[in-house]
Amino acid sequence: MKVRKRLYDAEALALGLTLNKKLPSELQSRYYLEEEVYKDILRKRIEPNPRKFVNTLNKIDKNGNVISSVEKLQSEAIDIPDNFEVIKISTSKTTGQQWIQYAAKQEKEEVKDFDFEGIVKKHIKRLDRLVVPIIDKAADFDRLVISDVHIGMETNKYDNSMYAVKWNKEEVLKDCTRIAKATIKERQSNFIVVDDYGDLMDGFDGKTTRGGHELPQNMTNEEAFDTAVEFKIKLIEPLLAHYSRVEVNNICNDNHSGAFGYFVNKTMKQILELKYDNVKVTNHRKFINHYFIGNICFVISHGKDDKSLKFGFKPQLKPDSIEKIDQYCKNNNIYKTAELVIFCKGDSHQALFDMCSSDDFYYFNYPALSPSSQWVQNNFKKGRRGFFLESYKDLDIYLKPKFIK
């Protein structure tokens with residue numbers, strides 16, 4: 001698997017690479033390399049420099065003449081790479097020799113590597129207001145729910161997966177078309193809410209948003225970003241010709257996408273709201289969020305967050321989860337306003353709908369759109385993937401699961 005790392009110009013030229021551009025303030029540029037190649041470079045960087053004798057002490061007579069000296073074998077300091085930082089310096093007051101300890105910087109995702117302006121311009125074409133057919137005696141509203149798309153995930157890295165399933169750009173966009181067509185076909189209302197419960201992106205630089213967890217990937221960061229933006233636009237645009245009002249809710253606090261998913265959804269919001277006047281996109285950045293449609297409150301979450309939670313909400317409702325959701329609802333005065341409260345989440349890659357464990361709210365788990373990763377296949381089973389269509393009228397809920405083989 002290739003990784004994206006910084007190299008000095010001399011290192012890049014030694015590998016036969018064409019030099020990439022960098023800012024005047026930067027000493028290194030980014031390149032895609034095989035992991036083993038980059039490890040060799042790191043080993044060479046920390047190899048001690050050749051040692052030589054250095055004068056560390058002179059004894060001088062009263063006339064200023066050197067009558068004796070002390071020389072010690074020392075090596076020059078190692079250059080600190082741009083992506084490392086000094087964490088400790090020790091200095092011998094006797095000899096002047098220094099020992100420097102450094103470690104890798106905690107790097108954040110860099111937005112500057114993405115050509116936002118170019119991507120946005122590629123999708124935007126000014127349109128007149130769409131003429132949308134109206135349904136008489138319609139449902140109050142429809143809902144389309146997707147979760148865990150995991151764009152960029154490689155399901156068969158070593159060509160030995162038990163249930164090898166392609167999950168490349170072509171397959172992602174094919175499912176996008178399938179979802180849009182099914183939603184239009186099942187339309188029961190003039191108003192639709194589209195919810196995405198997180199993990200839209202599988203990772204960034206081959207790792208989860210928390211870092212440290214290696215992930216097999218079949219796209220670069222840029223390819224995954226472009227695919228995700230195209231997926232979101234092609235999912236929503238067909239609906240705008242059939243619904244007079246479209247509202248989109250995106251969870252942007254999860255354990256795989258994190259800030260990377262937010263960049264995609266922010267771009268999507270700018271494109272759609274600039275082109276159309278019957279769409280509203282809300283990007284939710286907290287671990288738990290909520291919104292009202294009439295007297296129904298949807299409390300939404302991915303199920304895990306991007307930083308702190310080792311164990312998130314389980315598929316089966318547990319007492320500690322009931323308390324956490326209950327406290328959120330009380331703190332936000334939801335019970336006082338809503339006649340029906342529904343807690344909705346992704347993450348578990350399972351479709352489970354619990355309307356009985358709590359007397360105060362329903363607990364809905366939604367399936368993943370993506371196929372199972374090889375790790376999930378080996379540890380559990382192939383699993384079922386899909387999306388959900390829903391219609392609501394007078395507090396009655398009509399659930400329509402759509403599973404994909």
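I take the expected span of a helix as 1.5 Å times one less than its number of residues. Helices (H or I, at least four residues) and strands (E, at least two) are DSSP runs, numbered from the N terminus.

I note that this is a predicted model, in which local features need pLDDT of at least 70, side-chain atom pairs count only at pLDDT 80 or more, and totals for chains, interfaces and linings use all residues. Residues are numbered from 1 along each chain as its sequence is written, and side-chain values use heavy atoms, with hydrogens and water left out.

**Entry 1: helix H4.** I looked up H4, which has 17 residues and reaches 25 Å from its first C-alpha to its last, close to the 24 Å expected at 1.5 Å a residue. Its buried residues (under 20% relative accessible area, 1.4 Å probe, protein chains only) include Val-172, Leu-173, Cys-176 and Ile-179. I found S7, S8, H5, S16 and S17 among the elements that cover the buried residues of H4, where contact means heavy atoms within 4.5 Å.

**Entry 2: the sheet.** I traced six strands in an open sheet of mixed pairing, in the order S10-S9-S8-S7-S16-S17; two strands pair if DSSP finds at least two bridges between them. Strands S10 (279–284) and S17 (396–404) stand at the edges with a single partner strand each, so one side of each is left without a neighbour in the sheet. Strands S7 (residues 141–146) and S8 (residues 191–196) run parallel and are joined by five bridges. I recorded Asp-195 in S8 as the bridge partner of Val-145.

Terms used:
Buried means under 20% relative accessible area, exposed over 50%, partly exposed in between (1.4 Å probe, protein chains only).
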